[in-house]
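Please read the following report alongside the sequence and the model. It takes up a few selected sites in turn.

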Amino acid sequence: MFRNRLYLAFFLLLIITLLQASLAVWVSGVASYHLERGRVANQMLNEFIALGADKQRLKVWLAQALLTKESPIDQRDNYLQQMYDHLANINTLLLQDQKLAQTADDFDAISQQMKTLSILETNVQALQRNLEEKETQPLAEAELWRLLIETFDNLEGLDLKHVIANAINLQRERSSTAEYAAAEALKHVKFLVVVMLIFGSITAIVLALVLSRSLYQPIQQLLNGTSALAEGNLHYRLPEQGHSEFTMLSRSFNQMAAGLEQAIQKEENHSKLVEQEVAERTRQLQHALEQLQQAEQQQKRFLADVSHELRTPATAIRGEAEICLRGQDKEAQIYKDSLVRIVDTGNDLSNRIDDLLMLVRGEQQLQLRLKTVSINDFWLKLKNSADPLLSGYSKKLLTHFNPENLNADAKLYIDIDKMQQAVMILLDNAMKYSPAGSTIKLEFILDEQLTIHIHDRGIGIAETDLEFIFDRYFRAENARQMRPDGLGIGLSLCRFIVEAHHGSIHLESERNVGTSATIELQLMES
């Protein structure tokens with residue numbers, strides 16, 4: 001996984017950093033070591049040189065004292081004290097040098113210098129004693145110069161000048177050696193620093209290349225994916241390979257793209273559904289508006305027809321009465337006949353008003369007087385009502401019903417007067433809109449239910465008008481042309497009565513061929 005690569009890179013960088021830090025500490029230690037060795041060697045060399053110089057100054061003082069007898073004692077003591085100080089400093093530096101020594105040569109040189117220091121300390125002490133004895137013992141001039149030579153150049157069989165010179169030469173060699181070792185150590189340090197720098201640089205470059213290569217392709221793919229989504233390409237998916245963090249990121253990106261695509265698709269589907277619903281509601285409203293417009297037209301037509309239908313009987317009644325009252329008195333039979341015609345016209349007007357009121361009041365106001373009625377009684381009542389109806393039309397009525405084969409238990413639960421009115425409406429329409437001399441067929445078919453079938457050979461109904469034929473106040477155009485006096489409420493009233501009895505009614509018709517009307521009523525359960 002990419003996280004492990006990062007951990008490995010950080011671990012390598014940490015190791016390189018620790019190595020560089022360790023190298024820096026080591027370099028600092030080496031530099032401090034050689035710097036300290038060089039300082040000790042150079043300071044010891046200076047102390048030996050200063051010791052030789054003070055020894056010469058003391059020798060000059062003694063020569064002057066021998067010659068002039070005027071050299072101050074304080075100056076002698078000062079020179080002696082300086083020599084003791086140099087010896088003490090050399091002793092301290094030798095102890096430090098011994099701590100810094102690493103090789104056998106270093107220890108041999110230190111041991112030799114310590115021996116020299118011991119000799120010098122002994123000689124300086126002897127020199128101090130001889131100088132002090134010179135003050136108490138007056139000597140001849142020749143004896144004094146001999147004392148001078150023995151004291152400074154051959155004290156106790158040792159040449160002090162030669163001892164100091166050897167110590168100085170040895171210390172110079174050690175100082176040069178320390179400087180050379182410091183230079184060599186510096187070269188090694190520089191070499192190690194350069195190697196470490198090259199190694200660190202190469203490692204950093206390799207890690208940078210590996211990490212950048214590991215990062216570039218996934219990040220570029222992610223950028224391409226975001227650009228594709230920004231451009232609206234919701235089908236774009238990132239490749240999911242391996243088990244790295246970028247694979248999980250690609251998987252999350254793909255899930256986000258899929259969710260976004262589903263959300264947008266859902267929103268589009270919802271928008272389409274809303275548009276469809278709006279279109280459907282608009283269509284329904286348009287249809288309702290058209291129906292309202294049609295209803296308004298039908299209402300206007302109905303009002304005109306009602307005014308005509310009501311005015312016609314009223315005019316007939318008034319005309320009949322005016323004829324009877326006009327002129328001289330007439331015979332009683334004439335008045336009687338006139339009154340009979342007025343009564344018939346009044347009954348017709350009353351029936352028309354009752355039909356209108358029934359439709360206006362609606363189903364809640366329709367009072368049904370339901371009772372059990374046999375099929376045979378219903379048939380006889382219809383036939384007896386149909387026979388007088390024929391007297392007004394030059395038509396023939398063909399009836400078909402065989403009550404002998406009737407099941408004695410077959411009965412209806414109906415308002416027989418209302419159902420008679422419904423059937424009479426169909427028969428009256430069949431006779432009104434059929435040509436003279438044609439035959440109207442009335443048939444009862446008894447099965448699991450009672451089917452009343454009425455067929456005529458009249459003007460028929462256009463296919464475009466069939467769906468509106470049961471609408472209140474609607475009349476087909478050919479019916480209006482043939483009988484302009486109709487109200488368009490008969491079939492609506494007929495359906496209203498049939499459905500109030502939980503029955504059904506439907507028409508089948510073809511223009512200029514005829515119409516078949518069917519009423520279906522449920523039988524009573526035995």
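## A buried serine and its contacts

Leaving aside residues up to four places away in sequence, Ser-338 touches Glu-320 and Cys-324, where contact means heavy atoms within 4.5 Å. Ser-338 has its place in helix H7, which covers residues 332-361; helices (H or I, at least four residues) and strands (E, at least two) are DSSP runs, numbered from the N terminus. Because its relative accessibility is 1%, Ser-338 counts as buried, a term that means under 20% relative accessible area, with exposed meaning over 50% and partly exposed in between (1.4 Å probe, protein chains only).

The model is predicted, so that local features need pLDDT of at least 70 and side-chain atom pairs count only at pLDDT 80 or more, while totals for chains, interfaces and linings use all residues. Residues are numbered from 1 along each chain as its sequence is written, and side-chain values use heavy atoms, with hydrogens and water left out.

## An aromatic cluster

Four aromatic pairs are found in a search of the whole structure; rings of Phe, Tyr and Trp (its six-membered ring) pair if their centres lie within 6.5 Å, and planes under 30 degrees apart count as stacked, over 60 as edge-to-face and the rest as tilted. One of these pairs is formed by Phe-378 and Phe-444, which are tilted at 45° between the planes and lie 5.8 Å centre to centre. Since Phe-378 belongs to helix H8 (residues 375-390) and Phe-444 to strand S4 (residues 439-446), this pair ties together parts that are 66 residues apart in sequence.

Trp-379 and Phe-444 form an edge-to-face pair, with 4.9 Å centre to centre and 65° between the planes, and this pair links helix H8 with strand S4 across 65 residues. Phe-378 and Phe-444 are both buried, and Trp-379 is buried as well. Together with Phe-401, the residues Phe-378, Trp-379 and Phe-444 make up one aromatic cluster.

## A mostly covered helix

Helix H12 spans residues 490-500 and is mostly covered, with eight of its 11 residues buried. Among the buried residues of H12 are Leu-491, Cys-494, Phe-496 and Ala-500. After H12 comes His-502, which has a positive phi, near 60°.
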